[in-house]
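Have a look at the display below, then read on.

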Amino acid sequence: MTTDTAALLAAYDAQIRAVPPAPPPGITHEYEGGLLRVVGDFRGFLNAPRDLGLRGRELDELIARQRDFFAARGEAVEWKVRGHDAPADLTDRLRAAGFVPEEQETVLVAPVAELTVRQPALPDGVTLRRVTADADMHRIAALQTAVWGQDMSWLAEHLIGRISVAPDNISVHVAEAGGEIVCAAWLLFRPGTEFAGLLGGSTLAEWRGKGIYRAMVATRAALAAARGVGYLNVDASADSAPILRRLGFHAVTTTTPYVWSPEGQA
């Protein structure tokens with residue numbers, strides 16, 4: 001397994017971006033050329049290869065068609081842009097069509113065999129466990145809402161759906177203290193690729209800096225290794241990226257959600 005950044009990025013582009021996970025019930029995947037349109041989630045989602053091969057007016061028309069598709073549904077839509085995407089004026093054209101950038105994250109990739117992740121000692125009274133029950137997914141959604149300060153209630157049904165359609169491809173974990181979930185994270189296996197993705201990884205503010213997040217990474221890295229996964233990838237926040245880089249992850253690009261919403265047009 002390589003640790004060359006360019007090679008890691010090439011593997012990420014060829015596999016993660018080209019092979020989407022199986023959609024949960026109620027969510028459909030539609031394609032227009034190389035562009036993947038995800039319909040039926042909490043908001044629409046658009047995922048493209050590094051270069052769709054369109055320029056100028058043709059690209060503007062593609063962007064407008066996606067915006068208008070979700071506008072007719074009365075739904076917001078996210079176009080996920082990576083920092084190395086082409087053409088260089090893609091983000092300018094998205095802005096011109098009414099898409100607004102949200103917070104940028106760093107895309108990190110690590111060869112599983114090269115990770116130096118060890119299970120840290122947890123604070124007294126904190127336990128980690130894997131969860132599958134619907135009730136726990138609702139508790140996780142409540143945690144995410146508290147951590148991020150926005151309504152994440154949709155996440156419960158999203159996780160429930162993923163578990164129902166492909167239980168072997170997702171592993172959801174919580175850290176609990178006194179019966180309260182203080183951190184939650186999940187691992188999404190990607191059949192047909194060498195990758196598995198780290199998602200979630202949200203910790204209540206008062207429990208940060210105590211090794212819980214690192215324990216979640218170690219737990220999921222061990223599962224990935226046991227399944228013979230070659231690489232882990234994660235879209236990391238500014239808080240998480242330094243921790244992950246110390247554990248052996250490599251920054252390969254950035255990702256920024258460009259979001260159009262009906263509310264933004266009012």
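Is leucine 46 buried or exposed? Leucine 46 counts as buried, because its relative accessibility is 0% and the cut-off for buried is under 20%. Keep in mind as you go that this is a predicted model.

## Around leucine 46

You'll find leucine 46 in strand E3, which covers residues 44-47. Leaving aside residues up to four places away in sequence, leucine 46 touches Leu35, Leu36, Arg37, Gln66, Phe70, Val77, Glu78, Trp79 and Lys80. For a sense of distance, take isoleucine 63: it sits 17 residues from leucine 46 in sequence, and their C-alpha atoms are 9.9 Å apart.

## Glycine 26, out in a loop

Now for a contrasting spot. Glycine 26 belongs to the loop between H1 and strand E1 (28-32). With a relative accessible area of 66%, glycine 26 is exposed, because the cut-off for that is over 50%.

If you skip residues up to four places away in sequence, glycine 26 touches Val39 and Gly40. Valine 39 is 13 residues from glycine 26 along the chain, with 8.5 Å between the two C-alpha atoms.

## Helix H1

Helix H1 runs over residues 5-16. The buried residues in H1 are Leu8, Leu9, Ala11, Tyr12, Asp13, Gln15 and Ile16. They pack against E4, strand E6 (105-111), E10, E11 and strand E12 (250-260).

At 29% relative accessibility, alanine 7 counts as partly exposed. Between the C-alpha atoms of alanine 7 and arginine 246 there are 20 Å, and the two residues are 239 residues apart along the chain.

## A cis bond at proline 87

Look for alanine 86 and proline 87: a cis peptide bond joins them, with omega at about 0°. Proline 87 is in the loop between strand E4 (77-82) and helix H3 (90-96).

## How H4 and H5 meet

Next up is a pair of helices, H4 (residues 134-148) and H5 (residues 154-165). Their axes come within 8 Å and cross at roughly 140°. H4 and H5 are therefore oblique to each other, and their crossing is right-handed.

Which residues do the meeting? From H4 come Asp134, Met137, His138, Ile140, Ala141 and Gln144, and from H5 come Leu155, Ala156, Glu157, Leu159, Ile160 and Ile163. Sorted by class, the contact of H4 with H5 has eight nonpolar, two polar and two charged residues.

## Helix H6 and what follows

Helix H6 takes in residues 212-226, 15 residues in total. From first C-alpha to last it reaches 21 Å, close to the 21 Å expected at 1.5 Å a residue. Buried in H6 are Ile212, Tyr213, Ala215, Met216, Val217, Ala218, Thr219, Arg220, Ala221 and Ala224.

What do the buried residues of H6 pack against? Their partners are strand E7 (126-131), strand E8 (170-177), strand E9 (180-189), strand E10 (195-203), strand E11 (231-236) and helix H7 (240-246). Just after H6 comes glycine 228, which takes a positive phi of about 75°.

Conventions:
Residues numbered from 1 in each chain as written. Predicted model: local features only at pLDDT ≥ 70, side-chain atom pairs only at ≥ 80, totals over all residues. Heavy atoms only, no water. Axes fitted to C-alpha atoms, helices over the stretch in contact; angles between N-to-C directions. Helix = DSSP H or I, 4+ residues; strand = E, 2+ residues; numbered from the N terminus. Parallel < 35°, antiparallel > 145°, perpendicular 65-115°, else oblique. Left-handed = near helix turned anticlockwise from the far one by under 90°. Contact = heavy atoms within 4.5 Å. Nonpolar A, V, L, I, M, F, W, Y, C, P; charged D, E, K, R; others polar. Expected span 1.5 Å × (residues − 1). Buried < 20%, exposed > 50% of the residue type's maximum accessible area, 1.4 Å probe, protein only.
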